[in-house]
Amino acid sequence: MITIQETEIRERGLLGVNRARELGRPILMSEVHKMDTTNPLSFFNAGGDRYFGERFFWKDPASEMVLIGLGISKQIQSDQAADRFFHVEKEWRSFLKDSFIFNQYKVDGVGPLMFGGFSFDPFKEKTELWSKFADSLFHIPKFLLSIVHGETYLTTNIIFTSNDDISLYSKIMEERNQLLLSLRNQINLKTPLINSKVEVFPERWKQTVEGVVKELTKGPLKKVVLARELRLVFTSQVEAEAVLESLYQQQPASYIFAFESHGDCFIGASPERLIKKQGPEVYSTCLAGSISRGKTEEEDQILGQTLLTDQKNLIEHGFVVEMIKEALEQSCEEVILPKKPQLMKMRDIQHLYTPVIGKCGPNTSLLLLVEKLHPTPALGGLPQNLAVEKIREVEVLDRGLFGGPLGWVDYQQNGEFAVAIRSGLIQGKEASLFAGCGVVSDSKSEEEYLETALKFRPMLRALGGK
Ligand SMILES: C=C(O[C@@H]1C=C(C(=O)O)C=C[C@H]1O)C(=O)O
């Protein structure tokens with residue numbers, strides 16, 4: 001566990017107290033400690049009583065980076081639509097200014113870090129569904145557990161205002177001790193039964209697909225991604241930790257995330273990376289073109305081969321590759337990608353997949369790259385502006401954070417964002433699941449409907465449904 005000398009405690013606390021008084025504004029003090037191996041779900045669970053509604057969870061597909069945040073030491077949020085990426089970045093950098101960071105470990109994802117996301121389209125009219133989440137919302141946690149390449153670190157963030165004295169430091173240390181003492185390895189996780197399952201206007205959705213297909217044949221629109229919603233009601237409150245546990249078992253090769261705000265929880269298992277930045281290197285993923293998994297290995301291979309040679313899917317995929325390549329070329333000296341897509345096989349579905357690597361300057365802003373990429377034609381369409389306008393006009397669903405960039409940025413400005421798909425919003429005893437698909441000029445509404453049904457499955461299964 002954590003060992004830290006009393007004198008050191010006082011010195012660190014006093015640094016924060018004095019600087020906050022001197023500058024007359026809040027000052028961050030952050031310290032990192034190595035910890036014994038800790039089960040990430042039990043850490044998330046241990047925060048359930050005290051920090052419910054203020055937790056987040058993140059795991060990347062390789063499980064190289066697992067992040068759990070408890071409590072909110074600072075929130076960066078905005079419903080301002082224009083320049084939202086720039087504003088979040090500006091606030092993040094100014095929050096870090098003059099802070100004290102005690103971190104002897106040179107690894108990404110430890111120390112002060114913000115976690116959160118951006119809504120799919122800030123210009124879409126907001127409904128009650130997403131009332132608990134601002135269009136841009138990031139949390140800097142009080143306590144952050146980072147498991148990086150199997151090593152465990154605990155970051156404690158304290159914000160001193162000019163009215164605080166050293167007692168704040170002791171108070172947070174006590175809170176941390178309580179938290180660590182409450183860690184349990186055995187937790188009883190169960191999702192409640194589903195009472196009702198309602199697809200939101202499926203016939204109307206199919207008609208919308210047909211209407212858009214007609215427009216696509218006329219141009220200039222080439223592709224529009226349309227999404228729909230499935231609403232579930234349960235016998236009792238759904239606990240995010242139980243859903244995370246299921247996703248861990250059922251979708252190990254995905255990004256697994258949960259993001260709580262004011263009692264609601266946005267949760268999912270996405271296969272899609274938007275962008276990762278590690279020093280001068282950036283990584284992105286083109287993921288578009290889908291087919292189901294086979295029941296036997298042979299059928300699965302045949303389906304995979306069909307997808308790899310299907311013109312409709314290859315064209316859809318090509319749109320994404322072209323856009324991501326062009327966007328990264330604006331910021332990178334070099335962009336490397338294979339000529340042909342390969343297959344990414346998830347539990348219920350297989351996709352056409354092209355990984356992309358870029359080399360850019362070390363000072364390139366991750367959020368600027370997010371802005372350039374979002375939404376790719378995998379979630380918006382082509383041309384981007386027209387497709388997003390079309391979605392805003394015809395889609396019944398308020399996507400909120402669904403399909404938007406969700407992830408983290410650390411104080412060294414490294415981080416990663418996934419595309420928040422295969423996801424749902426838990427609201428007490430109810431939940432909404434979301435799924436979309438690329439509509440092109442030869443799309444058939446019934447096939448697209450079935451594809452979205454397939455894309456509901458990972459979340460539906462994790463919630464105990466079929
Ligand atoms: C929009 C979704 O998925 C996206 C659309 C895909 C497609 O149209 O083939 C494939 C992967 C994702 O980029 C979703 O899962 O809801």
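1. Confidence. The structure is a predicted model. The average pLDDT of the protein is 94, and 98% of the residues score at least 70. For the complex, the predictor gives an ipTM of 0.98 and a pTM of 0.96.

2. Domains. The domain assignment divides the protein into domain 1, covering 1-183, and domain 2, covering 194-463. A distance of 28 Å separates the C-alpha centres of domain 1 and domain 2.

3. Contact between the domains. Where the two domains meet, 42 residues of domain 1 are in contact with 45 residues of domain 2. On the side of domain 1 that touches domain 2, at least two residues each come from α2 (40-46), β2 (55-59), α4 (84-96) and β5 (113-118). Of these elements, β5 supplies the largest share, six residues. Sorted by class, this side of domain 1 has 23 nonpolar, nine polar and ten charged residues.

4. A helix pair. Helix α7 (residues 240-250) packs with helix α12 (residues 445-462) at an angle of about 125°, and their axes are 8 Å apart. On the α7 side the contact is made by Val243, Ser246, Leu247 and Gln250, and on the α12 side by Pro458, Arg461 and Ala462. The residues of this contact comprise four nonpolar, two polar and one charged.

5. Cis peptide bonds. The peptide bond from Gly219 to Pro220 is cis, and its omega is near 0°. Pro220 belongs to the loop between α6 (202-218) and β9 (223-234). His374 and Pro375 are also joined by a cis peptide bond, with omega about -10°. The loop that holds Pro375 runs between α10 (366-373) and β17 (381-382).

6. Backbone at His149. Although His149 is not a glycine, its phi is positive, at about 50°. His149 is located in the loop between β6 (136-148) and β7 (151-160).

Note on methods. Residues numbered from 1 in each chain as written. Predicted model: local features only at pLDDT ≥ 70, side-chain atom pairs only at ≥ 80, totals over all residues. Domains from an automatic or database assignment. Contact = placed C-beta atoms within 7 Å. Helix = DSSP H or I, 4+ residues; strand = E, 2+ residues; numbered from the N terminus. Nonpolar A, V, L, I, M, F, W, Y, C, P; charged D, E, K, R; others polar. Axes fitted to C-alpha atoms, helices over the stretch in contact; angles between N-to-C directions. pLDDT = per-residue confidence, 0-100.
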